[in-house]
Amino acid sequence: MNHQPAHDRIRASDHDRDTTVQRLGDALADGALDTTEYSRRLDHALTATTHGDLHRLTADLPASQTARHRTETARRTAKTKADKRAWRDEWNYWTGAAAIMTAIWAISALRKGEWTSYWPAVPLGIWAAILISYAIWPSRDDH
């Protein structure tokens, strides 16, 4: 009778083997494996057929600082990209509002037959000042 957990008997995919190879590389970089042990485990990982075969190659390895650092770097990079996209979106909203308010001002001025003061400058100026202030003094969450 086979006492191996069902998951361990499932065939491993190329992605599963690649993930294990990455984990072994991280362990080598962290100093948890020497080059001889890394090479031995790498050979087994590349020819593993089941999840159990792969699990046995990494079960005794500590949590990887290298992997944690890579994950943190990816998280920061994604946040920076999202922040830039949000910043661009805010200025696009400002531009749209400027176009709408300017059109309202121009139509109103044409109906009256005189060019009055450009009232959209006040709300647009305040909005732009707020957007610029976020660039100069980012919130504490951004650090």
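I take buried to mean under 20% relative accessible area, exposed to mean over 50%, and partly exposed to mean anything in between, with a 1.4 Å probe and protein chains only. By that scale I noted Arg17 as buried, because its relative accessible area is 15%.

**What I am looking at**

This is a predicted model, in which local features need pLDDT of at least 70 and side-chain atom pairs count only at pLDDT 80 or more, while totals for chains, interfaces and linings use all residues. Residues are numbered from 1 along each chain as its sequence is written, and side-chain values use heavy atoms, with hydrogens and water left out.

**Overall build**

I looked up the secondary structure and found five helices and zero strands, where helices (H or I, at least four residues) and strands (E, at least two) are DSSP runs numbered from the N terminus. Along the sequence the pattern reads α-α-α-α-α. The radius of gyration, taken over C-alpha atoms, is 29 Å, well over the 15 Å that the globule rule gives for 143 residues, so the protein is more spread out than a compact globule. That rule is 2.2 Å times the number of residues to the power 0.38. I also noted that the C-alpha trace spans about 95 × 30 × 20 Å along the principal axes, and that buried residues make up 20% of the 143 residues. For contacts (heavy atoms within 4.5 Å), I found that residues 24 or more positions apart account for 64% of those with a separation of 6 or more.

Two packed helices are described by the angle between their axes and the distance between the axes.

Which residues of α1 and α3 meet? On the α1 side I listed Asp16, Arg17, Thr20, Arg23 and Leu24, and on the α3 side His51, Leu54, Leu57 and Thr58. By class, this contact has three nonpolar, three polar and three charged residues. In that sorting Ala, Val, Leu, Ile, Met, Phe, Trp, Tyr, Cys and Pro are nonpolar, Asp, Glu, Lys and Arg are charged, and the others, Gly among them, are polar.

**Salt bridges**

I found nine salt bridges in the structure, each being a side-chain nitrogen of Lys or Arg within 4 Å of a carboxyl oxygen of Asp or Glu.

- Arg17 meets Asp14 at 2.9 Å, N to O; these two are three residues apart in helix α1, about one helical turn, and Asp14 is exposed at 55% relative accessibility.
- Arg56 pairs with Asp53, with the closest N and O atoms 2.7 Å apart; both are partly exposed, Arg56 at 48% and Asp53 at 25%.
- Glu72 pairs with Arg75, with the closest N and O atoms 2.6 Å apart; both lie in helix α4 (residues 65–112), three residues apart.

Salt bridges that share partners also join Glu37, Arg40, Arg41 and Asp60 into one network.
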